[in-house]
Amino acid sequence: MTAPSAGEIERAVERAWEQLEAGAPGEVARPLRGLLARGVADPADRADLLHVIGLACQELGDREGMAAAWLETLRLDRQGRPARALSPADFERVVGDALDELPAVVLEHLRNVPLIADDRPSAEMVADGIDPRLLGLFHGVSMPDESTLGPGATGTIHLFARNIEAVSDDEAEVREQIRVTVLHETAHYFGFDEDALRRLGLD
């Protein structure tokens, strides 16, 4: 059995994304698993195929299949760790610059919301259904819900540095993607959903 070429894998992944966007996740997993069965040697290619399989499983309500595909995606992505575009200290500075764009009244509300920068989501997060290639995550209680849940209820904003770097071509793009991700997750804390964020240009 001949291993699939890089071009064949790329076309299959593009087709799978089109099927997901068209609302046809049931058409995705079988052809991609067929490619994997033919022997995909490159870890990055394997990770790309498994990531999309996980998305299809998520849409189909197959949590076991999703977790298996995404945990392997996470493992392979960690294997192919590139050099950092920004040092941890520089990453933190860019996050601070992005927060400085927010009005003082917004920063006051965020005072008790931890902002954590990690390389990628943890295996525990992924097993719970978090996409291993997510750029950022607001987790917990949003501000509109705090009043009903009482004092002390809050959330956490996570930024995933290696995932942000993976979708950026150069340092300037990394900085812009950090900015957009910080603003995106901050908006989630304030109760905005994905449709509202798309309208604001923060998707």
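1. Contact, as the word is used in this note, means heavy atoms within 4.5 Å. The structure is a predicted model, in which local features need pLDDT of at least 70 and side-chain atom pairs count only at pLDDT 80 or more, while totals for chains, interfaces and linings use all residues. Residues are numbered from 1 along each chain as its sequence is written, and side-chain values use heavy atoms, with hydrogens and water left out.

2. The protein chain has 11 helices and three strands. These elements are DSSP runs numbered from the N terminus: helices are H or I runs of at least four residues, and strands are E runs of at least two. From the N terminus on, their order is α-α-α-α-α-α-β-α-β-α-β-α-α-α.

3. Of the 203 residues in the protein chain, 42% count as buried. Buried means under 20% relative accessible area, exposed over 50%, and partly exposed in between, with a 1.4 Å probe and protein chains only. Among contacts in the protein chain with a separation of 6 or more, 67% are between residues 24 or more positions apart.

4. Helix H2 comprises residues 29–37, and its buried residues are Ala29, Leu32, Leu35 and Leu36. They cover an arc of only 125° around the axis, which puts them on the same side of H2; the arc is that of the directions from the helix axis to the C-beta atoms. On the other side of H2, Arg30 and Ala37 are exposed. The cover over the buried residues of H2 includes helix H1 (6–21) and helix H3 (43–60). Just after H2, Gly39 has a positive phi of about 95°.

5. An α-helix has 3.6 residues a turn, so residues three or four places apart point the same way. In H5, the buried residues are Phe91, Val94, Val95 and Ala98. Seen down the axis of H5, these buried residues fall within an arc of 100°, so they line one face of the helix. Glu92, Arg93 and Asp100 are exposed on the other side of H5.

6. The buried residues of H5 pack against strand S1 (115–118), strand S3 (155–160), helix H9 (161–166) and helix H10 (171–189).

7. Helix H10 contains Thr181. Is Thr181 buried or exposed? Thr181 counts as buried because its relative accessibility is 4%. Leaving aside its neighbours within four places in sequence, Thr181 is in contact with Leu135, Gly136, Leu159 and Ile164.
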